Amino acid sequence: MSETTRANEENKKPPLNGRRTLPPNNSNDEENEVPEVDPFGLIPRGFDPKDYLRVVDIYMYKDPHEVNKQQHHTDKYYNPRLIVRRGQPFQIRIDFNRPYRPETDQFWLEFLMGRYPQQNKGTYIPILVGNVLKPGEWGAKITRRENNSIHLSIMPSATCIIGKFRLYVAVLTPFAILRTRRNPATDTYILFNPWCQQDAVYLDDERERQEYVLNDVGIVFHGNIEDVKSRSWSYGQFEETVLDACLFLMDKAELELSGRGNPIKICRVASAVINSRDDNGVIAGSWNNSYDNGVAPSAWTGSVDILLEYYSSKQPVRYGQCWVFAGVFNTFLRCLGIPARLITNYSSAHDNNANLRLDFFLDDEGKVDTKLTKDSVWNYHCWNEAWMTRPDLPVGFGGWQVVDGTPQETSDGMYRCGPASVQAIKHGHVCFQFDAPFVYAEVNSDIFFSRMEKNGTQVVEKIDTTHIGQLIVTKEVGGDGMMEITEEYKFREGSDEERLALETAVMYGVKKQTTQDIQYQPQTDIDMDFQVQKAVLGNDFKVTITFRNRSRNSYTATAYLSGNIVFYTGVTKSEFKKHSFNAKLEPSSSSSFDVVVKSSEYMSDLLEQASFHFFVTARINETGKILAMQKATILEIPTLRIK
């Protein structure tokens with residue numbers, strides 16, 4: 001070894017560190033050197049690799065009309081490599097230099113990603129050939145042998161990392177492992193699979209999969225509540241190089257490769273990297289009407305130009321506003337296989353200090369004082385919803401999650417927002433990560449109009465409870481019309497349930513309180529609990545709500561119960577029961593209230609392995625305090641006795 005090469009080798013070594021750590025493995029593009037001959041020790045003189053089983057060619061069936069891209073719904077991608085979805089088998093053919101003899105020959109496949117592939121991180125995957133494929137687990141089996149060729153069916157795990165893998169075939173000989181040469185033509189992209197039940201992004205409706213994963217054009221609704229306008233947007237998730245650009249965004253966000261099988265993590269880092277604040281991300285926002293050295297936000301008609309410009313220049317693309325951030329984010333999600341849709345919220349609140357209400361300060365003439373008022377209302381605001389299970393939350397909060405790439409407020413120190421469960425927002429359970437209080441305020445906060453007295457006290461003049469989040473819409477499935485989804489985010493404006501959900505959200509979400517009410521004091525002298533009677537398929541059952549009043553005061557309570565049907569994955573399908581009631585709570589006593597759930601109310605919506613998810617929320621009217629609970633229960637199938 002010459003001096004210079006030795007010096008270079010020394011420089012390449014990572015600096016010594018008291019902890020045994022590998023350098024960060026967060027680039028899908030970087031590679032390591034994989035030896036073609038991997039000896040077990042000294043190789044005897046007469047050893048000739050050509051004497052052993054040798055791979056001549058690997059055929060990937062990667063053309064759009066061939067079996068893999070057809071079965072995996074990836075035939076629209078304008079990309080010459082193989083693109084498949086996880087949790088579903090794909091086919092390849094290996095040509096050897098002679099017929100394969102299973103008694104004596106041993107070979108396996110290796111999928112590698114990144115510069116430091118490691119088996120326990122899911123970036124090095126050796127696959128032995130077996131007789132049977134287990135659903136949702138890595139494996140390979142021979143489907144047919146002919147002459148010097150074998151046909152393999154390969155199953156990627158339903159939870160594996162998504163991105164671009166390098167493929168090697170390794171053959172075992174007595175003295176060494178022989179591998180195929182690095183060949184970019186066999187690189188395989190593995191994406192999320194909404195068609196696979198074990199995938200976290202599984203969506204059960206084929207029309208919705210066609211729309212939210214495979215449709216590459218869409219409609220953005222804008223304007224204002226009196227005058228809803230629409231413009232078309234080209235997502236272009238299948239265009240040339242767009243897939244590589246989307247994978248690069250995760251490299252740019254420095255998301256560890258091992259975390260890239262998790263849609264929650266991917267959405268969270270992507271919501272930060274879509275905007276340029278604090279990480280030089282994709283789009284620079286501008287709201288001040290001067291768009292020098294850039295393109296005006298309204299001039300963009302789609303995502304492709306923006307993503308490709310960013311991928312080549314690595315510099316933020318100027319300029320965007322909310323629908324541009326949302327359009328590009330939608331492309332990113334659909335491209336990777338996460339079902340996604342673009343949402344518009346009319347009269348959208350921007351709650352600047354996380355107190356779940358908007359504070360507008362009036363001057364002496366009754367006009368809004370712009371110096372004191374920090375919160376604002378946008379005519380409309382666009383964000384995205386991504387579909388996934390939420391194993392990090394209690395059952396019932398999977399399904400649509402709000403993610404927002406527009407930089408509004410920081411979350412954990414960066415400009416990002418979500419994923420926040422739409423179901424948790426509807427019921428005011430904003431204690432569940434991520435950023436639910438902020439999203440709750442966008443769709444359903446109250447506006448407090450206050451006047452500042454000379455002595456510094458605040459006088460509330462008026463409260464507007466109906467202005468925010470008047471209409472929430474997205475494009476309809478399979479058409480260009482508008483579909484209203486306001487009811488998915490909140491109960492009917494002005495209803496008891498809507499007020500109770502808002503007060504629940506304030507209870508869970510208050511971080512910074514207004515001066516007169518420094519700390520939230522919970523109602524300590526009343527306990528609320530509820531029990532669900534064993535629910536047997538086809539029978540009515542009851543939910544019993546019990547209040548225990550430990551004080552010497554009489555109270556009255558306004559309460560509601562909401563029952564939802566949930567997939568076994570924790571994703572809510574639909575609400576089947578809504579019931580509001582009033583309760584009188586006598587001093588030092590318990591009172592119980594039964595709500596009967598009839599079988600006719602839930603039978604039409606049933607799913608296999610379904611469970612029920614109930615919310616009960618009550619307000620103690622005398623004190624204004626909130627009691628809230630949610631829990632899930634399994635539906636029992638009656639046992640069949642055969643005599």
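## Cavities

Two cavities of 30 Å³ or more are counted; a cavity is a set of points, on a 1 Å grid over the protein atoms alone, where a 1.4 Å probe fits but cannot get out. The model is predicted: local features need pLDDT of at least 70, side-chain atom pairs count only at pLDDT 80 or more, and totals for chains, interfaces and linings use all residues. Residues are numbered from 1 along each chain as its sequence is written, and side-chain values use heavy atoms, with hydrogens and water left out.

The largest cavity holds about 90 Å³, a volume being the space filled by probe spheres set on grid points joined across faces, edges and corners. Its lining residues (an atom within 4 Å of a point) include Asn 28, Lys 164 and Tyr 311. Helix α4 (residues 242-252) contributes the most, with four residues; helices are DSSP runs of H or I with at least four residues, strands runs of E with at least two, numbered from the N terminus.

The second largest cavity holds about 60 Å³. Among the residues lining the second largest cavity are Glu 211, Arg 334 and Lys 475. Strand β12 (217-224) gives the most to this lining, with three residues.

## Largest pocket

The largest pocket has a volume of about 570 Å³; a pocket is an open set with protein on both sides within 12 Å along at least five of seven lines. Of its 25 lining residues, Trp 387, Trp 400, Glu 488, Thr 572 and Lys 573 lie nearest the centre. β31 gives the most, with four residues.
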